[in-house]
Amino acid sequence: MQLVCRLIRIYGIVQGVGFRPFVSRLADRYGISGSVCNKGSYVEIIARADESVIGDFVHAIEAEAPERSAIVKVKVMDDPLDIEAQSGFEIALSKHEDGQIFVSPDIATCPDCARELFDKNNRRYLHPFINCTQCGPRLTILDSMPYDRVKTSMASFPMCEACSVEYTDMDSRRYHAQPVCCNDCGPELYTLVGRASESDVQGMGTDSERPEGAYGAAALLETRAVIRNGGIAAIKGIGGFHLCCDAGSEAAVQRLRQLKARPMKPFAVMMRDLEVVGRECKLEPEMEPLLTGPQKPIILIPRHTGSADSKSADFRIAASVAPDNPNLGVMLPYTPVHLLLFNYPDDEPISDVLVMTSGNPSGAPICMNDEEALKYLSPMCDIILSNSRDIRIRADDTVMAFYRSKPYMIRRSRGYSPLPIVAKSESPHAVLGIGGELKNAFCLGDKGLFYPSPYIGDMADMRSVRALEAATTRMERLLEIHPDIIVGDMHPGYNTSEMARVIAEREGVPVMEVQHHHAHMVSCMAENEYEGTALGVTFDGTGYGPDGTTWGGEFLLGDESGYERVGSIAPFIHAGGDIASREGWRIAYSMISTALGSEAANRIGETLGLGDEKGRQSIDFMLGNSINTVKSTSAGRLFDAVSAVLGIKSASTFEGEASMALQFAAERAEAQGISLAPYEGRLMNIDEEQFELCTDTLLMELAARSLADQDTDQLAYFFHKALADMIVIACCYQRTRCDVNVVALSGGVFQNLLLLRLVDDGLEREGFKVLKHGVVPTNDGGIALGQAAAGIAALRDEEQNEE
């Protein structure tokens, strides 16, 4: 037997997931002496044993790692220390080391803790903060790395003797579980009732300061009673507050809509269990592991046919939860409080489906503490169920769809952020991509890893801007990243652009601007670890063009270092400013009037219901005098215009509403069978500099067919198929010019899974390699990754030019 000493370093998500206790138990199994230590950027193991035993030990670490961990790499080196220096195996005190940092996202309540929660013989019976090494809060309670209790908001709650015993017992499931607590030593629930005065709000401190109200079980039972009786509750979760009501009560849901000023946008729902999901929705097998797993995101799931309007007992969700929408945004309970809301022993039952929507005023970030909840949510609810565990960083719920049986991210946040995206090439530089003006999330990059932040929100609201600034500061500290460059959008009027300049000045580093659609394209390339030239098809609502026009339906040729605009949809005149972005009929009328003149356009507009005469005259006046007009290639506005022309939706109360309705109509036609022949009009115009898709003539064709009373759903599909064909033939044409066979599809329009599939299938038939999003949003929530990757490329290119 040859005794050796090895230094083993494990990189990845190995903190906050019970990794050190796991290693300690494994070392005991193999008779290995030494230690395991959290070094912040990795876990370091000193292992002394026979050489063959060490090999088995390392193999077991990789093969049996805790379910919630994610090992990126393992390094095994000789240890110069005296191999006889130590007997036994210990968990050493954490130490700080520079290097790659991996912060665990928050983890949903595991099955073991869920069982204990309702076990009358367990000392954590009905404990609303039950957790173990396999579940519970992580990112949202963390102050700094390494992940130890004293560096979290749980430091305010000293462990009782019983919890301390479990914490130090290697056979316990709570061995070194940092948030471990029980009913005797953990945080406490309490209620805040009624509207708060301004002085009350200003007097609030941290959530660990006890306000007046019901406590513990009484607080939970009171909240259940409010929901059961048709009321609205604000409920503090892991990363912020939800607004909650009975999803089966039409009156409660309508009242919440009125109070939240949200007339049509779908509400997410939380269902008691998988049986309820199966009752209401067409649950596909690939969705179940995510619904029940450690992330528990909101998943967009098709409803059973007729469930949206059915009064049958089989369907128990109010129609106003998701009006005119064939899908429901569904999640399962992911905290102990959620589980207790649905099931509390010896209390009257409540609905098995609850509306669980983000607790925030329209446009603002999710509320994260009592002060914000009292100020902004108390006017919208009847009771606030809070707790004394402070949230350090906001993390709204993750939202995803499924495309070709795989996740397709809509909003990346709780459960996923800040898990890194691994770059194909490692760089010595660090970067901060500040993100978009809408659906903002930022991205930090360092040492070959890109860390997307939790979702922040829309930056038109200064509360979101302040939340962004606070979150970037905290994440830089947690991940120990000091950016060499700050990257933002080139739009001069965006709050994010100003924030990029402010942060750059504060940190004494340069600021860089990246065109919006180039950032989309590079985001898709970075997610797919593709380096090289690609053709980016970036379709969305709006982006600032370097030529001063509004871009949005773009074909870009390039890589992370730069691009050439090689094509777009046909430009049109956007008349009416911001109101036209919400009222698609204005775009439709503007396009028709430009093509046919005001007299003919007014007759067509009247027949198709495009506004009233006064509104149409106003648009003609703007067009005739070039007042409040801008040249645009926005694909999002094109979809809105088509929706209006077909009489589906002439205006939107939330972003994408008209376009979504158009998609749903097209999907109905596809499901029922296509009866219209393919579009035979001209698909694209070509000149020496760039091509244009003939989307203007396509809209006129749709108007003519709508005037002829052709089936609306069929025409909606006709538009999707014609646009997809245009995109494919444009990519084929561009391939003949530049011999590039890789296409990256990005931008918010590609949240439309029908269009995505039609384009994807068409490109694959033509032999293209198609890059698509999956774990990074295709909408503006993903452009920070593209900004960060472009920033790293710029620093790399600058160094190469200096050599």
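Which residue's side chain does the side chain of E280 join in a polar contact of 3.0 Å? In this predicted model, the partner is R279, whose side chain is joined to that of E280 by a polar contact of 3.0 Å. The side chain of E280 also reaches the backbone nitrogen of R316, at 2.8 Å. E280 itself is found in helix α8, which spans residues 274-280. With a relative accessibility of 2%, E280 counts as buried, because buried means under 20% relative accessible area.

The surroundings of F57 can be described in detail. When residues up to four places away in sequence are not counted, F57 touches I8, V23, L26, A27, Y30, I32, I45 and A47.

An open sheet of five strands has the order β4-β1-β3-β2-β5, with mixed pairing. Its edge strands, each pairing on one side only, are β4 (70-78) and β5 (89-91). On average, and with direction ignored, neighbouring strands of this sheet are turned by 20 degrees against each other. Within the sheet, strand β2 (residues 33-38) pairs with β5 in the parallel sense over three bridges. Here G34 stands opposite F89 in β5.

Helix α1 (residues 19-30) lies across β1 (3-13), β2, β3 (43-50), β4 and β5, and runs at about 175 degrees to β5. Helix α2 (residues 51-64) lies across β1, β3 and β4, and its course makes about 145 degrees with β3.

A further open sheet is formed by six strands in the order β16-β19-β18-β17-β20-β21, and its pairing is also mixed. Strands β18 (residues 443-446) and β19 (residues 449-452) pair in the antiparallel sense over four bridges. L444 has Y451 of β19 as its bridge partner. Helix α12 packs on this sheet, where it touches β17 (430-433), β18 and β19; the direction of the helix makes about 25 degrees with that of β18. Helix α14 (residues 516-527) lies across β16, β20 (485-489) and β21, and runs at about 90 degrees to β21.

Strand β14 (residues 399-403) and strand β15 (residues 406-411) pair in the antiparallel sense over five bridges. The bridge partner of A401 is Y408 in β15. Two residues lie between the strands of this hairpin, and R404 takes a positive phi near 50 degrees.

Technical notes:
Residues are numbered from 1 along each chain as its sequence is written. This is a predicted model: local features need pLDDT of at least 70, side-chain atom pairs count only at pLDDT 80 or more; totals for chains, interfaces and linings use all residues. Side-chain values use heavy atoms; hydrogens and water are left out. Buried means under 20% relative accessible area, exposed over 50%, partly exposed in between (1.4 Å probe, protein chains only). A polar contact is a pair of N or O atoms within 3.5 Å; within protein, one must be able to donate a hydrogen and the other to accept it, and residues adjacent in sequence count only if both atoms are side-chain atoms. Contact means heavy atoms within 4.5 Å. Two strands pair if DSSP finds at least two bridges between them. Axes are lines fitted to C-alpha atoms, for helices over the stretch in contact, and angles run from 0 to 180 degrees between N-to-C directions.
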